[in-house]
Each structure stands twice: as structure tokens, then as C-alpha cells.
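Please read it alongside the sequence and coordinates displayed below.

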Amino acid sequence: MGADPGAVFASTVLALQHRSPERFGEMLSHVDQEPMLEAAVTSALGWVPSPVVLPLARELLRAAEPLRRRIGVAAYAIQRSDPGSPLAGALGDAAPEVRARALRAVGELGRRDLLPNLNAFLQETDERCRFWAAASAVLLGDRAVALEVVEAFAVTPGPFQPRALQFALRAAGLKRARELIARLREDVTRLRMAVMAAGISGGCAELPWLLELAHVPQWGRLAAEAFSLVTGVDLELEGLAARPSQNGERHDSDQEGDVLEPDPDEHLPSPEPVKLNRWYREHEGRFAKDARCFMGMTPSIDGCFRVLRLGTQRQRIAAAINLCLLDHKAILHEWRAPAWRQE
């Protein structure tokens, strides 16, 4: 089977559906040999009904290997099933990778009773533990110190920066969010993050800047997506997206073997900047400079549920986080789950 994550995911789902502990053990052995396959196995655990998964998750929590204990915690979290006291126990696990996954699960499962435990990790030297302790605390409504920790990750290049932006910008007040975006805009190497941040923050004052970037081929698609996240405009539905090239081909090489980097935004619609500017001028009155919007409306619980039902995947991620920040009793919606469980 090799190290193909797709094959591991499919094989794990089949092993679970057929209730074959031997086959599932084989999948875990692949992860033992190649830890990069962990995400494939964890995703599969979220794709099968909980009565099948949770007994296995309980066994994994008692495993000798830290990697398996972490998968056990992740299985409960992705199923959005509270393991109870074992989650608090996992916060004290000897392995930092297990502690980090448990800290993340505290926020995902809405365990507000464990908020005092999170505070002890805000000065943790392991950045995985420090980040997830702070992110979960912010989700659960404790922003006094935790928000500063998340903001530090949001302005620092690294693996946690994109997630940190999602939490920091939505939890911060609009003035504080604009200051964070300004810090990112100061450095041209962080412009991509600044564009993403403008959409995440929902600040209407950033819309003219995003329209300027819509004219720049390198940033046009990303800027238009950020613009849509604030205004709610659907580029393709409103006729604001550029038509694809006549041949519809994308060239992956330039001249004599020079290979171009893949475009991370190629799945997004390319805007027609002139039409997008015209649309904004016609609707500008809806977006006061000192206002914050999410998909064209003031962030609200009802609006979040609507986006969860009808939005694109990235819009649904935003809605799930916003919903938790608006209602700290809510459990973070698992946007990666199969449709039958999300419904």
C-alpha cells in the first residue's frame, strides 16, 4: 500500500466499518512507521459512527505509545464526544504531543470546566501546548491573557500562524484587529497573511485595499475571496468572476525545465476588478468603515448557522469559529465530518 494517505484513509474506514481490530491494527502500524500518516487515520475515525469508534478510542488512550494516545484523544475530539475525566488526565500526559492534542480538544468539546487547567499552559515552552491552550481558552471565552498569546502566533511566521489568525482576529475588537493587520502589512513577505487577515477580521475599512489588490494578478483571487468573506458577494453568481482562458490550460513549466510553484489559490474564482469595483460603489453604503461584517451581515448566531448550511468550506470554517465566539456554550462545529453527521 505504501505511504499514500488516501489509501490509508480508505483502508482504515473499511477496517472500522467491518469491525476488524486486526486490520485497524495494521493501519496503526503504518502510522508507527510513518507518523505523517496519522492525519489519514484520524480523519477515518471521524468518518465512521461513534459506537464503532469510541471503544477503540478508549483503548488507544490507555496505549503505551504516545502517538496512539494522541490518536485516541483526536478520535474523541473529531467525533465531538466528551471522554470525561480521561481528557483532564491527558492534559498531564508525559508526552507533549498528547498534552497538545488534549488542550486542543478542550476547546473543541467546550470543556469550560477545564479553563483553569489551560491557564497553566500559557507559558509552556512547547509551542504546540502553548498555542492550543491559548486558542482553546479564547474559544471558551477567556481572553484576558490567552488572546495576547494567540496574537503573538498570528504575527509570527510558522505552522500555527494561519490558525492563530482565525482565532485572534475574530476574538479581538475591531480596533485591535486593524492594528494586527497593519503589523502584517508592514512586511511585504507577510502580505499573503495580511490579505487573509483582512477577510477574517470582517473590517469594512479594509475593503478598498482589497479592491486595489484585486487588480494585482498575484493577489487577485485571494483578495477577492477576502472581499467576499466580508461582503458576502458571490463572484460567480453576480457575474464578477473572470472567464477562464480559452484553452483552459494551466502551464506548470516556463522555459526549458523551469518549474513554476503551484498556485495555492487556483481553486478560487479570478475577479473582474472593474466589475468588482462597480459592485462596491453600488453597495458601499451597506459597509460603514467602522463596522464589522461576516458574509455581508453583522456577525450573529443565526447568520453563522446559515453559512454552515450554505457556504463554501472556508466560509463554514469561519462560521464555526464565529459561532463559538458568539456563544461560549456552543461546541465547535466539526466542518470536516461527513455530511450525514453534520446535518
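## Structural briefing

Arg-80 is located in the loop that links helix 5 to helix 6 (85-90). The model under discussion is predicted.

**Loop residues with positive phi**

- Arg-80 has a phi near 50°, which is a positive value in a residue other than glycine.
- The relative accessible area of Arg-80 is 18%, under the 20% limit, and Arg-80 is therefore buried.
- A positive phi in a residue other than glycine is also found at Met-295, where the value is near 55°.
- Met-295 belongs to the loop between helix 16 (273-283) and helix 17 (301-310).
- Because its relative accessibility is 17%, Met-295 counts as buried.

**Helix 5 against helix 2**

- The axes of helix 2 (residues 21-33) and helix 5 (residues 66-78) approach within 10 Å and cross at roughly 120°.
- The two elements, helix 2 and helix 5, are therefore oblique to each other.
- The crossing in which helix 2 passes helix 5 is right-handed.
- Helix 2 contributes Leu-28, Ser-29, Val-31 and Asp-32 to the contact, while helix 5 contributes Leu-67, Arg-68 and Ile-71.
- Classified by residue type, the contact of helix 2 with helix 5 comprises four nonpolar, one polar and two charged residues.

**Helix 5 against helix 7**

- Helix 5 also packs with helix 7 (residues 96-108), at an angle of about 5° and with the axes 9 Å apart.
- This angle makes helix 5 roughly parallel to helix 7.
- On the helix 5 side the contact is made by Pro-66, Arg-69, Arg-70, Val-73, Ala-74 and Ala-77; on the helix 7 side it is made by Glu-97, Val-98, Arg-101, Ala-102, Ala-105 and Glu-108.
- The contact of helix 5 with helix 7 has seven nonpolar and five charged residues, with no polar ones.
- Gly-110 is placed in the loop between helix 7 and helix 8 (115-119).
- With a relative accessible area of 25%, Gly-110 is partly exposed.
- Gly-110 and Ala-134 are 24 residues apart along the chain, and their C-alpha atoms are separated by 14 Å.

- Arg-341 is part of helix 19 (residues 339-342).
- The relative accessibility of Arg-341 is 22%, and Arg-341 therefore counts as partly exposed.
- Although Arg-341 and Gln-79 are 262 residues apart in sequence, their C-alpha atoms are 9.2 Å apart in space.
- When residues up to four places away in sequence are not counted, Arg-341 touches Gly-46, Ile-78 and Gln-79.

**The largest nonpolar core**

- In soluble globular proteins, nonpolar side chains tend to be buried together.
- The largest nonpolar core has 117 residues, of which Phe-24, Leu-165, Val-195, Leu-210 and Phe-227 touch the most other members.
- Helix 9 (residues 127-139) supplies the largest share of this core, with nine residues.
- Leu-210 is in contact with Val-195, Ala-198, Ala-223, Ala-226 and Phe-227, leaving aside neighbours within four places in sequence.

- Arg-190 lies in the loop between helix 12 (174-185) and helix 13 (191-201).
- Because its relative accessible area is 18%, Arg-190 is buried.
- Apart from neighbours within four places in sequence, Arg-190 is in contact with Val-155, Pro-157, Arg-183 and Leu-184.
- Just after helix 13, Gly-202 adopts a positive phi of about 80°.

How values were computed: Residues are numbered from 1 along each chain as its sequence is written. This is a predicted model: local features need pLDDT of at least 70, side-chain atom pairs count only at pLDDT 80 or more; totals for chains, interfaces and linings use all residues. Side-chain values use heavy atoms; hydrogens and water are left out. Axes are lines fitted to C-alpha atoms, for helices over the stretch in contact, and angles run from 0 to 180 degrees between N-to-C directions. Helices (H or I, at least four residues) and strands (E, at least two) are DSSP runs, numbered from the N terminus. Angles under 35 degrees count as roughly parallel, over 145 as roughly antiparallel, 65 to 115 as roughly perpendicular and the rest as oblique. A crossing is left-handed if the near helix is turned anticlockwise from the far one by less than a right angle, and right-handed if clockwise. Contact means heavy atoms within 4.5 Å. Ala, Val, Leu, Ile, Met, Phe, Trp, Tyr, Cys and Pro count as nonpolar, Asp, Glu, Lys and Arg as charged, and the others, Gly among them, as polar. Buried means under 20% relative accessible area, exposed over 50%, partly exposed in between (1.4 Å probe, protein chains only). A nonpolar core is a set of buried Ala, Val, Leu, Ile, Met, Phe, Trp, Tyr and Cys residues joined through side-chain atoms within 4.5 Å.
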